[in-house]
Amino acid sequence: MIGHNIQLALLLAMVVHKSWERNIDPAIVAAIIRVESNWTPNAIGDDRHSFGLMQLHIQGAGSGHNPSSLLDPETNLDVGLTYLQRCLEATNNDLPATFSAYNQGIQGWHLRGTAFNQIAVDRYMHAYEEYRLLGVLQQIPKALYGTPIA
């Protein structure tokens, strides 16, 4: 359990650092990671098409990247944050729309809107509100010393 807690604390610290570098609220990133992979760096989903913490699809946000490289947490965060920035810009920083665009792709969001994947958007928003309420930074010591929320 301690090993898992240390790994989670390191991931949280990396998320906070990389989010701040890009002027993105770390709670947004933490919410996406929780919903997409539940903080599992080697997660593979969507019929083996989505990889890593942020579940980057090889025909979407992870396009052009080797799937095995997307399992590296730092690479995954870099690629995922670049894509998230594009989603934020496309939606004028509207958070539910940003989560919708992240989930279905920016083009899909333009075509179908947020109602198309409202259930997913609700899951992201719930996780985001938890992280905002509790504070992502506060989770680092909790992850090290017990009972992380992820």
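Predicted model: local features only at pLDDT ≥ 70, side-chain atom pairs only at ≥ 80, totals over all residues.
**Exercise 1.** Work out how many helices and strands the protein has, and in which order they come.

*Solution.* Start with the count. The protein has 7 helices and 3 strands. Now read along the sequence. The pattern is α-α-β-β-β-α-α-α-α-α.

**Exercise 2.** Find what share of the residues is buried, and what share of the accessible surface belongs to carbon and sulfur atoms.

*Solution.* Take the residues. The protein has 150 of them, and 48% count as buried. The accessible area is about 7,600 Å². Carbon and sulfur atoms hold 52% of that area.

**Exercise 3.** Classify the ring pair of Trp-39 and Tyr-131, and say which parts of the protein the pair ties together.

*Solution.* A search of the whole structure finds 4 aromatic pairs. Take the one between Trp-39 and Tyr-131. Recall that a pair of aromatic rings is described by the distance of the centres and the angle of the planes.

- Step 1: the centres are 6.5 Å apart, and pairing requires centres within 6.5 Å.
- Step 2: the planes meet at 65°, and angles over 60 degrees count as edge-to-face, so this pair is edge-to-face.
- Step 3: Trp-39 lies in the loop between helix H2 (26-37) and strand S1 (44-45). Tyr-131 lies in helix H6 (residues 118-134). The pair therefore ties together parts 92 residues apart in sequence.
- Step 4: check the cover. Trp-39 and Tyr-131 are both buried.

**Exercise 4.** Which residues form a cluster through ring pairs, and which residue lies over the face of Phe-116?

*Solution.* Ring pairs join Phe-99, Tyr-124 and Tyr-128 into a cluster. Arg-112 sits over the face of Phe-116, 4.4 Å from the ring centre.

Key
Residues numbered from 1 in each chain as written. Heavy atoms only, no water. Helix = DSSP H or I, 4+ residues; strand = E, 2+ residues; numbered from the N terminus. Buried < 20%, exposed > 50% of the residue type's maximum accessible area, 1.4 Å probe, protein only. Areas by Shrake-Rupley, 256 points an atom, 1.4 Å probe, with all protein chains shown as cover. Phe/Tyr/Trp six-rings, centres within 6.5 Å; stacked < 30°, edge-to-face > 60°. Lys NZ or Arg CZ within 6 Å of the ring centre and 35° of its normal.
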